[in-house]
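Hello,

Here is the structure I promised to pass on. My notes follow below it.

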Amino acid sequence: MKRSVIKGTGRFIPSRCVTNDDLSKMMDTNDEWIQQRTGIKTRYWIPEGEIVGSSDLALEASKIALDNAGWQPEDIDLIIFATLSPDIFFPGSGCLLQTKLGLSDTPALDIRQQCTGFIYAMSTADAYIRSGMYNRILVVGAEVHSTGLDKTTAGRDVAVLFGDGAAAACVEAVETDANIGVLGSVLKADGKFAEKLMLELPGSKYPERINAEMLASGGQFPSMDGTRIFKLALRKLPEVTLEVLEQAGMSLDDIDMIIPHQANLRINEAYQKTLKIPEEKIFNNIQKYGNTTAATIPLALDETIEQGLVDPKKSTVLFVALGAGLTWAAMIHRFGE
Ligand code: ACO
């Protein structure tokens with residue numbers, strides 16, 4: 001049976017560290033509020049004034065992941081690129097990454113599922129691998145948020161949360177009877193909450209897509225009903241975790257490490273408490289990077305491997321996320337050879 005196994009990961013974070021004190025010089029906010037409400041101490045943004053897209057960050061992360069997997073770019077059968085901040089409106093960042101990797105006819109697709117983008121992308125990769133269509137899939141999550149945030153007091157509830165970054169995973173078909181690779185995946189969406197967290201402009205439904213009057217409304221910046229999303233996360237993250245465990249016929253005791261999306265440390269602490277997860281079985285790095293959306297889970301996975309918390313030969317990890325859409329999802333993956 002064909003199983004989808006992660007063979008290498010890599011991450012890339014831009015060099016410009018932005019502290020909470022730096023933000024307080026741009027807007028009416030402060031380190032105490034940001035740390036207490038979100039857990040975030042720093043985030044990294046692309047260098048000011050430079051032209052850097054999500055595909056540029058993804059390229060650097062992908063090179064490291066390919067190296068760790070022992071793949072050449074030519075080995076890739078398909079690129080799946082998860083992002084809410086594509087370099088441009090179209091074509092997708094997957095195509096831009098493809099040419100930057102020096103490839104000329106490898107298929108590439110984008111996934112627009114925001115914070116759950118990596119899990120949706122992994123699940124898509126798993127389906128392609130199980131079907132026999134592709135054997136080596138590069139899954140990337142990458143975001144450049146910093147160029148799209150309202151960095152004035154009006155946008156402070158959102159601007160302080162987000163960081164730029166990218167991370168990639170090389171997913172390979174392994175023919176085996178062993179219970180390894182993607183062991184379960186649950187994907188959910190509920191579009192009735194779309195307006196609770198969205199970036200409206202430019203929008204193809206509007207005759208001009210964007211104009212000066214629309215710009216004055218601020219619809220080109222993300223808007224969020226933070227309290228509503230927060231409450232939804234507290235309920236749905238544990239629910240989807242239990243559902244994926246049931247699907248895989250496993251319990252939390254079978255999981256070595258839980259890697260939750262990094263939207264708010266308080267959400268993850270409440271999730272941990274609800275499911276009674278021991279401290280050593282859950283990983284957070286929002287303190288350092290903020291919310292890098294589609295990149296958060298592979299970025300955290302790469303760090304857990306580097307820190308020896310996850311063994312890339314045998315550990316069982318559970319990914320879980322919730323974000324705009326509304327979308328929420330969970331996946332269990334066991335490393336193996
Ligand atoms: N600095 C200082 N004060 C602030 C800031 C800031 N950056 N932002 C908001 N405030 C103020 C508000 O104006 C409000 O003031 P008021 O009481 O005078 O009206 C007060 O702080 C409290 O605001 P709340 O919004 O109630 O604060 P809350 O504790 O809910 O925290 C937050 C806000 C951090 C956004 C939280 O609601 C949250 O994390 N929500 C979920 C986010 C999430 O999970 N998103 C999904 C993933 S992102 C994606 O999919 C793209």
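The ligand is surrounded by 24 residues, each with a heavy atom within 4 Å of it. The closest are Thr29, Arg37, Cys115, Asn264 and Ala324. This is a predicted model: local features need pLDDT of at least 70, side-chain atom pairs count only at pLDDT 80 or more, and totals for chains, interfaces and linings use all residues. Numbering starts from 1 along each chain as its sequence is written, and side-chain values use heavy atoms, with hydrogens and water left out.

A polar side-chain atom of Asn264 lies 2.7 Å from one oxygen atom. For Arg266 the distance is 3.0 Å. For Trp33 it is 3.1 Å. The protein covers 74% of the 1000 Å² of accessible area that the ligand has on its own (Shrake-Rupley method, 1.4 Å probe).

Helix H8 (226–248) is among the elements that supply at least two shell residues. H8 gives the most, with four. The shell divides into 13 nonpolar, seven polar and four charged residues, with Gly counted as polar and Cys and Pro as nonpolar.

Now the whole chain. It has eleven helices and 13 strands. Its radius of gyration is 19 Å, close to the 20 Å of the globule rule for 337 residues, so the chain is as compact as a globular protein of that length. The radius is taken over C-alpha atoms, and the rule is 2.2 Å times the number of residues to the power 0.38.

Best wishes

Note on methods
A polar contact is a pair of N or O atoms within 3.5 Å; within protein, one must be able to donate a hydrogen and the other to accept it, and residues adjacent in sequence count only if both atoms are side-chain atoms.
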